Amino acid sequence: MVDTAQLDLFSEVLHAYSAERGGTLDNATLYADVAERAGLPEELLSERVPVGKAGQPHNLIARRVRWHQQTLKHAGILQRVEEQRGVWKLTEPAGKDLNRIGPNVGVVGFSTDLGVAILGASETVFERIDTPITLCLTSPPYALAKARSYGNPNEAEYVDWICRTLEPIVRNLVRGGSICLNVSNDIFMPGSPARSLYRERLILALHDRLGLHKVDELIWHNPSKPPGPVQYASIQRVQLNVAWEPIYWLSNCPQALRSNNRRVLQEHTERHLRLIRQGGEQRDAEYSDGAYRIHPGRFGNATVGRIPRNVLTFGHSCADQRAYKAAARAAGLPAHGAPMPLSLASFLVEFLSSEDDLVVDPFGGSFTTAKAAERLGRRWLSTEIMLEYVVGAATRFSDAGGFMQNLRMAA
Ligand SMILES: C[S@@+](CC[C@H](N)C(=O)[O-])C[C@H]1O[C@@H](n2cnc3c(N)ncnc32)[C@H](O)[C@@H]1O
């Protein structure tokens, strides 16, 4: 006898609607599919037992599956197919292999002792959060001259959309907390090699509307970036190949910044160590019309490490990302196409927050910010609208303390 009350069929129900069937399924097929995946004997599907005060005969498996179906419906993941009784589908297919959750709902995808990954639209989830945030490190979807059906906002609406998304996060930002935005510099005016000025408009709007100050525009130098813009650099030969992306660092109170470069000191170069060993500079000289002076003994103090410069060189491919992509594909899930290297996210999380601080990412993707926070002992909260990305990212956290996975799709 199977105790159906003990069965967790949620993930089986979710899986049954996955892309293999175009996300559409009638209930009879659903019950059979779930029973098979859960390893339940077929005869259980025809067994009926009296339920409730009225003692109406019901099949307990079908009942439990319908219950999960309702949960998914309320989560906005499932919806009825119009004019077809008993046929349901995953909401809003959002391109190849991707399904987007509807607005106004959030479901926990997975969690650890330190953080929670939520399948939900950032604007919906953060609107309901009332907890002090120390750092928001995020790469929003890029602005496109022409909006795509599955997510990227139109350039004309971009500034307003980012401001609206960040508004609840800024409201909860601790004094001196940081917002780090990795956006693209490679948005071109239609039919032109000239770049869009949306970045300039964005920074002015974040200042004027949300009171954020620009602390720095960090340069993420990515030596492994593929060549481009192809049209203007390789074909017309009027532009140079791109090697960097901006990361805007903003704060509500630059006088009280929570950052500390002592946390991210780098090793001194051999040349600098030699200089220290020899007691510093031997020269006495003046440069730049006296603005810069070198005198004997300068740079001779032994220091713990080198203060990093604000050009951050990290290739986008790293061992951690490769492992994530392989694990997602092995689980039959699409791997995220635009992940940030874990090394870069870790550098920023360590520099801009302390242990136990809350780090958030409203556009989780493969949950790299969350992973960096987890490794560094920060609490974290990330949202992502694509079901498959949330499920795929869970593979990166399976070793984390207190790991619990609520959404699953793998066969
Ligand atoms: C550039 S990617 C982020 C990549 C991420 N930094 C990483 O390392 O994997 C942006 C992500 O935002 C998600 N997204 C778009 N609109 C969203 C929204 N309203 N709420 C939550 N996530 C959203 C997209 O599905 C996409 O995965």
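Predicted model: local features only at pLDDT ≥ 70, side-chain atom pairs only at ≥ 80, totals over all residues.

**Entry 1: a cysteine and its neighbour**

I then searched the whole structure and came away with zero disulfides.

I also checked how covered the cysteines are. C136 has a relative accessible area of 0%, so I noted it as buried. C318 comes out at 15%, and it counts as buried too, because the cut-off for buried is under 20%.

Next I looked up strand β8, residues 133-138. Six of its six residues are buried, so the rest of the structure largely encloses this strand.

Which strands pair with β8? I found β9 (residues 173-182), which runs parallel to β8 and is joined to it over five bridges. Within that pairing, C136 has I179 of β9 as its bridge partner, and T138 has L181. I also found β15 (residues 358-361), again in the parallel sense, over two bridges. There, L135 stands opposite V359.

**Entry 2: on to β11**

I followed the sheet from β9 to β11, and these two pair in the antiparallel sense over five bridges. C180 turned up again here, standing opposite W249 in β11. Strand β11 covers residues 244-251, and seven of its eight residues are buried.

I then looked up the pairing of β11 with β10 (residues 213-221), which is antiparallel over eight bridges. One of the pairs I wrote down is H221 with W244 of β11.

**Entry 3: the whole sheet**

How many strands does the open sheet have, and in what order? I listed ten, in the order β14-β10-β11-β9-β8-β15-β16-β7-β6-β17, with mixed pairing. At the edges I found β14 (311-313) and β17 (404-405). Each has a single partner strand, so one side of each has no neighbour in the sheet.

Two helices on the sheet also went into my notes. Helix α11 (residues 368-375) packs on the sheet and touches β7 (115-120), β8, β15 and β16 (379-384). The direction of α11 makes about 165° with that of β16. Helix α5 (residues 155-171) lies across β8, β9 and β15, and runs at about 150° to β9.

**Entry 4: two helices that cross**

My last stop was a pair of helices. A reminder to myself: two packed helices are described by the angle between their axes and the distance between the axes.

At what angle do the axes of α2 and α3 cross? For α2 (residues 27-37) and α3 (residues 60-74), I wrote down roughly 105°, with the axes coming within 10 Å. The two helices are therefore roughly perpendicular to each other. At the contact, N27, L30, Y31 and V34 of α2 meet A62, V65, R66 and Q69 of α3. I sorted the residues of this contact by class and got five nonpolar, two polar and one charged.

Terms used
Residues numbered from 1 in each chain as written. Heavy atoms only, no water. Buried < 20%, exposed > 50% of the residue type's maximum accessible area, 1.4 Å probe, protein only. Helix = DSSP H or I, 4+ residues; strand = E, 2+ residues; numbered from the N terminus. Pairing = 2+ DSSP bridges. Axes fitted to C-alpha atoms, helices over the stretch in contact; angles between N-to-C directions. Parallel < 35°, antiparallel > 145°, perpendicular 65-115°, else oblique. Contact = heavy atoms within 4.5 Å. Nonpolar A, V, L, I, M, F, W, Y, C, P; charged D, E, K, R; others polar. Disulfide = S-S within 2.5 Å.
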